[in-house]
Amino acid sequence: MSVNVRIPTILRPYTGGRAEVSADGATVAEVIADLEKNHAGIAARVLDDEGKLRRFVNVYVNDDDVRFEQGLQTATPDGAGISIIPAVAGG
């Protein structure tokens, strides 16, 4: 399945500055693996050492937060929009 992935500013150095890239995969995990294959280094910023989503990174498939779906096994239908959104803290 081909999806469009919206890349936050902080990860754009890995995509040559592009705000949106295409990736293939039937699940979020497969999409991240494809992103890593084509944009080396991006997976380490999204996944922790155990291969799970980092606490401060939110991923949405269309408008659904994958943490409330099937996590990395959430399906990514053809043409879906994937958003990677780093959490923002401040005070």
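Two strands count as paired if DSSP finds at least two bridges between them, and the strands themselves are DSSP runs (E, at least two residues), as helices are (H or I, at least four residues), each numbered from the N terminus. The legends below describe a predicted model, in which local features need pLDDT of at least 70 and side-chain atom pairs count only at pLDDT 80 or more, while totals for chains, interfaces and linings use all residues. Residues are numbered from 1 along each chain as its sequence is written, and side-chain values use heavy atoms, with hydrogens and water left out.

**View A. Strand β1 and its pairing with β2 and β5.** β1 pairs with β5 in the parallel sense over three bridges, whereas β1 and β2 run antiparallel and are joined by five bridges.

View B. In β2, Val-21 and Ala-23 make up the covered face, and Glu-20, Ser-22 and Asp-24 the uncovered one.

**View C. The buried face of helix α1.** Within α1 (residues 28-38), the buried residues are Val-28, Val-31, Ile-32, Asp-34 and Leu-35. Seen down the helix axis, these buried residues fall within an arc of 160° and so line one face of the helix, the arc being that of the directions from the axis to the C-beta atoms. They pack against β1 (2-6), β2 (20-24), α2 (42-46), β3 (57-61) and β5 (81-86).

**View D. Two salt bridges.** A salt bridge here is a side-chain nitrogen of Lys or Arg within 4 Å of a carboxyl oxygen of Asp or Glu, and by this rule the count comes to two. One joins the side chains of Lys-37 and Asp-34 at 3.5 Å, N to O; these residues are three apart in helix α1, and are therefore separated by about one helical turn. Lys-37 counts as exposed, at 64% relative accessibility, whereas Asp-34 is buried, with a relative accessible area of 11%. In the other, the side chains of Glu-50 and Lys-52 meet at 3.6 Å, N to O, and Glu-50 is exposed, with a relative accessible area of 63%.

**View E. The surroundings of Thr-76.** Thr-76 has its place in the loop between β4 (64-65) and β5, and counts as buried at 1% relative accessibility. Leaving aside neighbours within four places in sequence, Thr-76 is in contact with residues including Met-1, Val-3, Gly-25, Ala-26, Val-31 and Ile-82, where contact means heavy atoms within 4.5 Å. A polar atom of the Thr-76 side chain lies 3.3 Å from the backbone nitrogen of Thr-27.

**View F. Gly-16 in the loop between β1 and β2.** Gly-16 lies in the loop that separates β1 from β2 and counts as exposed, at 70% relative accessibility. From C-alpha to C-alpha, Gly-16 and Leu-72 are 25 Å apart in space, and in sequence they are 56 residues apart.

Technical notes. Buried < 20%, exposed > 50% of the residue type's maximum accessible area, 1.4 Å probe, protein only. Polar contact = N/O pair within 3.5 Å; in protein donor to acceptor, adjacent residues only side chain to side chain.
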